[in-house]
Amino acid sequence: VTIFPLLILINCTEDLIPPTNQKKYPTELNKSWTYSTKMYEQFYDSLGNLSDSILVFSDTTVVKIVKLNDTVGNYNNLIQFISYDLSSQQNIQKMWYLNNDQGLYAIAYSNAGSSQPILPKVNVSQQNDFLKMILNNITMPELFNLENSIFNIDSIFFYDSPRYVLKYPVIIGSRWSELSTPFQRDRVIKELMMLTVSSGTYPCYSIGMESTHPLFYNLIFIDYISLDAGLISRQLIV
């Protein structure tokens, strides 16, 4: 029996702002999201048939914007997000983003791995080693391993260069380089679609990931982003 790769669905469930004509990723102070993260496994039998999905992990994550016009290092006018899982609310991760006329950029972070890997978060700490490797390299590929290093959880770390999360204007067919270190990874806007989750139905841009790096062969990674409400869902199939 061959293990079939993993399927992760992350859906926003509440606290979304009603649709507006906003053209950037929504970054209002005290705006919050609640996400449900689920991981499923399927297996191939000797005849190539897939088994039913098996739920192997589930958690709920809260994301909130707690500060605008923040300063970190040489960067000004940053937006500070925090995130935590309801199963471990004492572990709070912080992320700093720049949201200017060119796009949304990830600048710095602290306490990585304390919550599930949904934008604006990074890393993961509760899955098996294979899944952890995949998720780490999708959400926050670093040149060092935080888990095997001794750092104060309040220490702030900067990306080698800002991560280009979302390019403006947001239009179908737009393509950009999200990062080039430690490998090249591009994002591309595939389509505008209506997506229904438990909190409602939203017009979302489907944003895929493309890379020639072997790590991403046969991997599907799609964000569904509403310019009215933010990240609605993330799908990862390995």
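Trainee: Why is Ile156 called partly exposed?

Mentor: This is a predicted model, and in it Ile156 has a relative accessible area of 37%. Buried means under 20% and exposed means over 50%. The value of 37% falls in between, so Ile156 is partly exposed.

Trainee: Where does Ile156 lie?

Mentor: In the loop between helix 1 (129-139) and strand 7 (157-167).

Trainee: How do you know whether Asn77 is buried or exposed?

Mentor: Its relative accessibility is 51%. Exposed means over 50%, so Asn77 counts as exposed. Asn77 is in strand 4 (residues 75-85).

Trainee: What is the phi of Asn77?

Mentor: About 55°, a positive value, although Asn77 is not a glycine. Most residues other than glycine have a negative phi.

Trainee: Why is Asn30 called partly exposed?

Mentor: Asn30 has 48% relative accessibility. Exposed needs over 50% and buried needs under 20%, so Asn30 is partly exposed. Asn30 sits in the loop between strand 1 (2-14) and strand 2. Its phi is positive too, near 70°.

Trainee: And what makes Phe43 partly exposed?

Mentor: Its relative accessibility is 26%. Phe43 belongs to strand 2 (residues 32-44).

Conventions:
Residues numbered from 1 in each chain as written. Predicted model: local features only at pLDDT ≥ 70, side-chain atom pairs only at ≥ 80, totals over all residues. Heavy atoms only, no water. Helix = DSSP H or I, 4+ residues; strand = E, 2+ residues; numbered from the N terminus. Buried < 20%, exposed > 50% of the residue type's maximum accessible area, 1.4 Å probe, protein only.
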